[in-house]
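Me: I would like to go through some of the labels given to this model and check each against its cut-off.

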Amino acid sequence: MAQQQQQRPILNRPISLLNRNGLLLLLLLALFVILGVLLPLTKSPLFLFPNTTSSSSLSPSSSSSSSSSSSSSLPSISDWRDYSLAQAAKFVAKNETVIVCAVSYPFLSFLSNWLISISRQKHHEKVLVIAEDYATLYKVNEKWPGHAVLIPPALDPQSAHKFGSQGFYNLTSRRPQHLLNILELGYNVMYNDVDMVWLQDPFDYLQGSHDVYFMDDMIDVKPLNHSHDIPPLSPSGVTYVCSCMIFLRSTDGAKLLMKKWVEEIQAQRWSNTEAKKPHDQPAFNRALHKTTHQVDAYLLPQSAFPSGGLYFRNETWVNETKGKHVVVHNNYIIGYDKKMKRFQDFNLWLLDDHALESPLGILKIYQEQQNTTEGKNQRKTGRKQRRNRGKKQKLP
């Protein structure tokens with residue numbers, strides 16, 4: 001009988017708090033109790049993944065509010081109005097670097113398309129969207145909390161932003177001051193227009209330790225080993241450096257260039273009738289030349305950073321430089337619909353088939369546009385044209 005009791009299965013034996021299993025159970029229970037009490041008091045992050053924070057810690061008012069509030073709901077709309085540039089830059093910065101764009105509400109779909117291409121290069125977490133209106137501020141932070149900030153005054157989201165319009169001028173003329181503010185906070189900053197697509201990682205091309213890096217806006221083909229100095233002035237006294245993509249280190253030289261750019265913009269207002277379609281780019285070129293001996297500037301290779309006038313119009317050059325393209329700019333064309341169609345024709349409009357790769361996910365505003373009869377017809381025509389083109393570079 002005693003022998004049968006000794007052979008009784010372990011699972012049927014009573015658990016004693018004094019044996020090894022009982023002590024282990026007590027320790028686990030004690031650990032859960034301690035964590036349940038201490039974690040709320042220490043306000044530790046809820047998750048261990050980088051850049052994943054409880055929504056209450058993102059609230060601009062959380063630092064000044066009473067700790068007695070334990071609500072875990074997202075910050076209210078009014079909270080994002082108080083979200084400062086310093087708070088936002090600190091939240092998104094990685095390796096002391098921030099990627100910045102400036103966007104108004106009508107261009108949210110282009111923002112999302114751009115973000116998809118950046119997420120494929122694993123740099124999306126350092127993106128900061130400078131919202132030019134409250135609609136953009138709220139929508140981006142609703143979808144992607146903490147990644148949008150508005151620097152007053154807000155612009156009218158419904159104002160025209162066609163190239164050459166006063167709305168377009170108001171949007172672009174604020175750019176150098178935004179960049180200067182971020183540099184003054186101690187961060188390196190890359191600026192992009194959102195009508196761009198990344199095919200490769202541009203950070204691999206930021207060689208050396210120059211103050212500023214920029215891309216050419218020329219359509220004329222340059223040799224692959226072209227100079228990386230500021231292009232010389234043309235006979236008409238201008239150069240064609242694009243302000244669409246700029247990388248700035250937080251140096252005195254970069255800050256000086258931004259200050260000079262602001263001055264040049266202020267010297268030529270949109271209301272100046274002598275200026276043809278004024279915007280920030282001519283002022284940027286003038287600032288570059290006026291600070292030549294004070295700023296260490298670097299022109300990025302044309303084969304990697306082509307203008308839209310070259311990439312979309314010169315098929316021979318595209319084929320000759322295949323595999324070298326890094327960032328493509330959809331310029332040298334005017335109009336929202338025309339830009340979208342050209343991206344679609346060249347398989348660079350990612351939003352239709354890869355929306356879930358964007359940090360913003362599926363945008364309702366874009367879905368509504370595409371569900372119209374006109375939108376469906378455009379997509380059908382676009383798919384047919386893409387099948388027929390065949391020769392254009394495809395993005396995986």
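Me: Which side chain of opposite charge is nearest to Asp 211, and how far away is it?

Reply: This is a predicted model. The nearest side chain of opposite charge is that of Arg 249, 7.0 Å away. A salt bridge needs a nitrogen-to-oxygen distance within 4 Å, so Asp 211, although buried, has no salt bridge.

Me: What makes the pairing of Asp 211 with Thr 251 a polar contact?

Reply: Their side chains are joined at 2.8 Å, and the cut-off for a polar contact is within 3.5 Å. Asp 211 lies in the loop between β5 (196–198) and β6 (212–216). Among the residues it touches are Phe 247, Arg 249, Thr 251, Gln 294 and Asp 296.

Me: How do you know that Lys 222 and Asp 216 form a salt bridge?

Reply: Their side chains meet at 2.4 Å, N to O, and the limit is within 4 Å. The whole structure has ten salt bridges.

Me: Why is Lys 222 called partly exposed?

Reply: Its relative accessibility is 24%. Buried means under 20% and exposed over 50%, with partly exposed in between, so Lys 222 is partly exposed.

Me: Why does Asp 216 count as buried?

Reply: Asp 216 has 3% relative accessibility, and the buried class is under 20%. Therefore Asp 216 counts as buried.

Me: What makes Glu 264 and Lys 290 a salt bridge, and where do they lie?

Reply: The side chains meet at 2.8 Å, N to O, against a limit of within 4 Å. The pair links distant parts of the chain, 26 residues apart: Glu 264 is in helix α10 (residues 252–267) and Lys 290 in helix α11 (residues 280–290). Glu 264 has 8% relative accessibility, so it counts as buried.

Me: What are the classes of Lys 341 and Asp 345, and why?

Reply: Lys 341, at 37%, falls between the two limits and is therefore partly exposed. Asp 345, at 9%, is under 20% and so is buried. Their side chains meet in a salt bridge of 3.0 Å, N to O. Both lie in helix α14 (residues 336–345), four residues apart, about one turn of the helix.

Me: How do you know that strand β1 pairs with strand β4?

Reply: Pairing needs at least two bridges, and four join β1 to β4 (residues 188–192), so the two strands pair. They run parallel. Val 100 has Tyr 191 in β4 as its bridge partner.

How values were computed: Residues numbered from 1 in each chain as written. Predicted model: local features only at pLDDT ≥ 70, side-chain atom pairs only at ≥ 80, totals over all residues. Heavy atoms only, no water. Buried < 20%, exposed > 50% of the residue type's maximum accessible area, 1.4 Å probe, protein only. Lys, Arg positive; Asp, Glu negative; His and termini not counted. Polar contact = N/O pair within 3.5 Å; in protein donor to acceptor, adjacent residues only side chain to side chain. Contact = heavy atoms within 4.5 Å. Lists of a residue's contacts leave out its neighbours within four places in sequence.
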